[in-house]
Amino acid sequence: MNQIIRVIKYTFQHITRNVWQSFLIIMILTVLMLMGQLFAIVSIASDRILTYLENQPQVTVFFKDETTSDQIEQIKRELEKDSLIESVSYITKEQAYEIYKAQHKNEPELLEFVTPDILPASLDISARQVEYLSNIAKQFQNNEFVERVIFQQDLVDELTSWTDAVRFGGGVLLGVLLLISIGIILIVVTNNINTFSREIEIMRLVGAGSWYIRWPFIFDGVLFALFSATYASAIMVWVLPYVQSFTDHFIATVELFPPHENLIHLVWGYTTGIGVLFTAVVSYLATRQHLKV
Amino acid sequence: MIKFDSVSKWYKRSGVTAFEEVSLQINQGDFVFLIGPSGAGKTTLLKFLIREDIPSEGDIWFKDDNIVRLPRRKIPHLRRQIGMVFQDFKLLRQQTVFENIAFALEVVGKKPSEVKEIVPYLLDRVGLLHRERAFPQELSTGEQQRVAIARALATEPEVLLADEPTGNLDSQNTKQIVDLLKQINEWGTTVIMATHDEALVKRTKGRVVVIKDGRLTEQR
Ligand SMILES: Nc1ncnc2c1ncn2[C@@H]1O[C@H](COP(=O)(O)OP(=O)(O)O)[C@@H](O)[C@H]1O
Ligand SMILES: [Mg+2]
């Protein structure tokens with residue numbers, strides 16, 4: 001207990017002896033963490049979209065308005081005879097309207113001009129093997145009743161290559177951010193060690209153990225991480241709902257983000273956990289380098 | 001209690017040999033003057049004892065431990081048993097006399113309540129109880145050295161090393177510091193004091209070891 005109080009006391013001394021430096025470090029680390037969070041969120045969200053799409057009926061066939069439901073039922077029955085087809089579901093104009101209404105229940109302006117007639121009826125077809133889907137898609141492309149065929153696989157492929165690019169770019173960016181943070185933490189810890197060289201010398205002479213001397217300097221970095229993680233998380237949690245309502249316009253069916261009650265805990269928990277662990281390791285390495293104990 | 005066994009020290013880069021196979025035994029309760037001209041190796045010899053420096057060859061025994069081969073993790077324990085004061089005091093300038101000594105007590109794990117009791121006791125032993133709120137630069141150099149001695153006593157060491165503790169002092173302050181070290185010795189602590197002040201040594205009782213040209217000779 002005494003030791004914990006001591007470490008906090010010394011850390012506080014280290015930070016207050018260089019107030020402006022501390023302030024600047026926290027700001028920079030906050031920005032770096034925000035970018036890290038953003039990257040994580042984009043990765044997770046795109047992953048969810050992909051998983052969602054991959055689990056969707058893989059080919060959707062939209063029918064022309066004049067097609068009767070008997071005709072569609074007939075097509076459906078024929079498809080169901082095919083042993084390579086897993087399932088076929090028929091979505092009538094009314095059902096399409098209900099789905100649309102549910103997706104946009106918070107936006108009356110979007111519902112105003114939409115009636116069941118303007119939404120097409122469709123069949124969602126999924127196959128036992130993905131490869132077979134392109135056959136089905138081709139088969140319907142020239143059908144006289146069919147307005148449009150959406151082949152989800154195309155979308156998935158396109159999205160995958162897009163997210164791969166985002167991830168690669170983000171990964172490179174993250175690597176650079178990591179290097180910057182390592183540099184900053186090394187500078188700060190080294191600087192603190194130099195500022196307190198007299199104290200360190202005396203501690204060694206009166207018989208302080210190496211960890212006794214080292215802890216406060218490691219904790220310096222940890223405390224910076226703690227502050228920065230908290231600021232970054234606060235900003236992120238404040239911004240995220242806006243992003244969320246924006247993305248809901250496009251992909252309302254996919255739950256991109258965890259429910260709001262958990263958001264703060266999740267974002268803060270992960271940011272702090274990773275940030276603290278990371279700075280602790282880097283600070284420890286800095287003390288290894290510069291603390292002659 | 002302390003035994004130097006054929007200790008040599010040379011510096012490869014400059015080719016200087018500081019000691020050649022010196023041996024020396026110091027017993028519990030001894031008061032030893034280590035004398036020799038500047039650059040003779042007095043500081044180096046004292047630093048061997050707290051493992052601030054290590055010999056190139058030979059062994060140094062403190063009780064049952066060979067200091068030269070002591071594992072790093074045992075060094076703190078050694079330094080609590082062998083205290084050292086320096087010519088430049090090594091006090092924290094932004095801290096009061098009280099805080100300077102409390103700092104050392106904290107290091108050895110004393111609780112705040114114990115610190116409050118022990119600091120006045122240590123200051124009383126060096127005759128500075130009335131100056132506990134002063135900052136080092138508000139004290140005379142003699143008083144600063146006494147604070148440094150009080151701090152070295154914080155770990156209740158069995159041996160106290162003093163490296164030219166009177167090097168910066170006038171004759172009156174010198175006498176006070178030597179008297180204080182004598183007193184500490186009478187309370188039971190083994191004291192080794194390095195100095196180049198031969199006149200001082202002549203008028204004070206105690207063993208005298210001379211370092212010259214890399215050799216030790218017992219003078220008294
Ligand atoms: N790193 C070093 N390289 C070369 N010579 C050194 C080094 N450190 C100390 N010496 C030499 O060792 C000798 C002993 O120094 P020191 O113990 O400080 O003497 P004293 O305390 O008696 O004045 C000196 O001649 C000094 O120049
Ligand atoms: Mg010297």
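In this predicted model, in which local features need pLDDT of at least 70, side-chain atom pairs count only at pLDDT 80 or more, and totals for chains, interfaces and linings use all residues, helix H5 (residues 141–152) of chain B and helix H6 (residues 171–186) of chain B have axes that come within 9 Å and cross at roughly 20°. H5(B) is therefore roughly parallel to H6(B), a term for angles under 35 degrees. Axes are lines fitted to C-alpha atoms, for helices over the stretch in contact, with angles from 0 to 180 degrees between N-to-C directions. Helices are DSSP runs of H or I with at least four residues, strands are runs of E with at least two, and both are numbered from the N terminus.

The crossing of H5(B) past H6(B) is right-handed, meaning that the near helix is turned clockwise from the far one by less than a right angle. On H5(B), the contact (heavy atoms within 4.5 Å) is made by Gly142(B), Gln145(B), Arg146(B) and Ile149(B). H6(B) contributes Asn173(B), Gln176(B), Ile177(B), Leu180(B), Leu181(B) and Ile184(B). By class, five of these residues are nonpolar, four polar and one charged; Ala, Val, Leu, Ile, Met, Phe, Trp, Tyr, Cys and Pro count as nonpolar, Asp, Glu, Lys and Arg as charged, and the others, Gly among them, as polar.

Gln95(B) lies in the loop between strand S6 (82–85) and H3 of chain B. Its relative accessibility is 18%, so Gln95(B) counts as buried. Beyond its neighbours within four places in sequence, Gln95(B) is in contact with Asn100(B), Phe135(B) and Pro136(B).

In chain A, Asp117(A) occupies the loop between helix H5 (108–111) and strand S3 (122–127). Asp117(A) counts as exposed because its relative accessibility is 52%. Residues up to four places away in sequence not counted, Asp117(A) touches Asp65(A) and Lys93(A).

Residues are numbered from 1 along each chain as its sequence is written, chains are lettered from A and ligands numbered from 1 in the order in which they are written, and side-chain values use heavy atoms, with hydrogens and water left out.

Notes:
Angles under 35 degrees count as roughly parallel, over 145 as roughly antiparallel, 65 to 115 as roughly perpendicular and the rest as oblique. Buried means under 20% relative accessible area, exposed over 50%, partly exposed in between (1.4 Å probe, protein chains only).
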